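The sequence and the structure are shown below, and the description follows them.

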Amino acid sequence: MKLGFVSAILDGWTFEGMVDAAAEMGYQCVEVACWPAGKAERRYAGVSHIDVDALDDEKVRYIHGYLEQRGVEISALAYYPNTLDGDLEKRAAAVEHLKKVIRASHKLGVNLVTTFIGRDQTRTVEENLDIMCQVWPPILRLAEELGVRIAIENCPMLFGPDQWPGGQNLMTTPAIWRKVFERLPSPNLGINYDPSHFVWQMMDYIQPIYEFKDKIFHVHYKDIKLFPDKLRQVGTMAYPLDYMSPKLPGLGDVDWGRYVSALTDIGYDGYTCIEVEDRSFEGSPEKVLDSLRLSKRYMEQFVI
């Protein structure tokens, strides 16, 4: 397994600065954020370290050369929109940019894209599965034609009133994964596995690793800290941020030894990337860099 981080935490940094930071800290790879240019609609989104709209052959050569010089690889190109948005204009824009990211991933020889499958948050799971079957087949055909795999992160995207009631990402539980893979039986569709989302949903984050071992294309390391006293006051039907908080690996409730052990059991030897969303390490560039240093130091107990 190779250890990296999701580049979205280095918002405002250039591609070169981001890669330099990874190299200086000894990271082996980066999951490179590739949002469209413009203002972010939410935290940790809207970041673009590679502009896929300006990715010509010369730029590809430059990126390859810079990465080789610094000894850093790209694990995946990252873009996490809502491709099933109830607003059809937003949906179309998300799908169009996702296709650009898929083409860019092929052009760069990365051949992996990390994303969400999306969800119309006002509709049921069953209705969303039907919508998914209208929206996603053309995306997957493009990916298959170009030899690009797509890894869907299992984040519900339901944290506060903006995503209420259903959240903005359908592919959140093993029960739904089975339905998605049955209805979209593409070998190029898989999972970007993040255990933290199972923790606050009160789910087992170990067993699905074995069941879906052939579908795990990419891995995240992000922790979640539950606040039992708050949970007892608000219950599981409250907004999740009312009773939990994202933390650096080792500062929350994920058992990282068991998690990585399960990954080794299934023979996973792909990319693993730390995702930082810990508010305790925001506010200055030095705090952000500290979060990456501390996370790497902790995860190196398990991943060399």
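## Terms and basis of the model

A polar contact is a pair of N or O atoms within 3.5 Å; within protein, one must be able to donate a hydrogen and the other to accept it, and residues adjacent in sequence count only if both atoms are side-chain atoms. Helices (H or I, at least four residues) and strands (E, at least two) are DSSP runs, numbered from the N terminus.

The model is predicted, so local features need pLDDT of at least 70 and side-chain atom pairs count only at pLDDT 80 or more, while totals for chains, interfaces and linings use all residues. Residues are numbered from 1 along each chain as its sequence is written, and side-chain values use heavy atoms, with hydrogens and water left out.

## Overall form

The protein has 10 helices and 10 strands. Its radius of gyration (taken over C-alpha atoms) is 18 Å, close to the 19 Å that the globule rule (2.2 Å times the number of residues to the power 0.38) gives for 304 residues, so the protein is as compact as a globular protein of that length. The C-alpha trace spans about 50 × 40 × 40 Å along its principal axes.

Of the 304 residues, 56% are buried; buried means under 20% relative accessible area, exposed over 50%, and partly exposed in between (1.4 Å probe, protein chains only). The protein exposes about 13,300 Å², of which carbon and sulfur atoms supply 49%; accessible areas come from the Shrake-Rupley method with a 1.4 Å probe, and for residues only the protein chains shown count as cover. A contact means heavy atoms within 4.5 Å. Among contacts between residues at least 6 apart in sequence, 76% join residues at least 24 apart.

## Helix α9

Just after α9, G267 takes a positive phi of about 80°.

## The loop between β10 and α10

D278 lies in the loop between β10 (271-274) and α10 (285-299). D278 counts as buried because its relative accessibility is 2%. A polar atom of its side chain lies 3.1 Å from the backbone nitrogen of L248. Not counting residues up to four places away in sequence, D278 touches Y44, P246, K247, L248 and L251.

S284 also lies in the loop between β10 and α10. With a relative accessible area of 27%, S284 is partly exposed. The side chain of S284 reaches the backbone nitrogen of K287 at 3.1 Å. S284 and L88 are 196 residues apart in sequence and 37 Å apart in space, C-alpha to C-alpha.

## Cysteines

How many disulfides does the structure hold? It holds zero, where a disulfide is a pair of cysteine sulfur atoms within 2.5 Å. For C34, the nearest cysteine sulfur is that of C273, 13 Å away. For C155, the nearest cysteine sulfur is that of C273, 16 Å away. C34 counts as buried at 1% relative accessibility, and C155 is buried with a relative accessible area of 4%.
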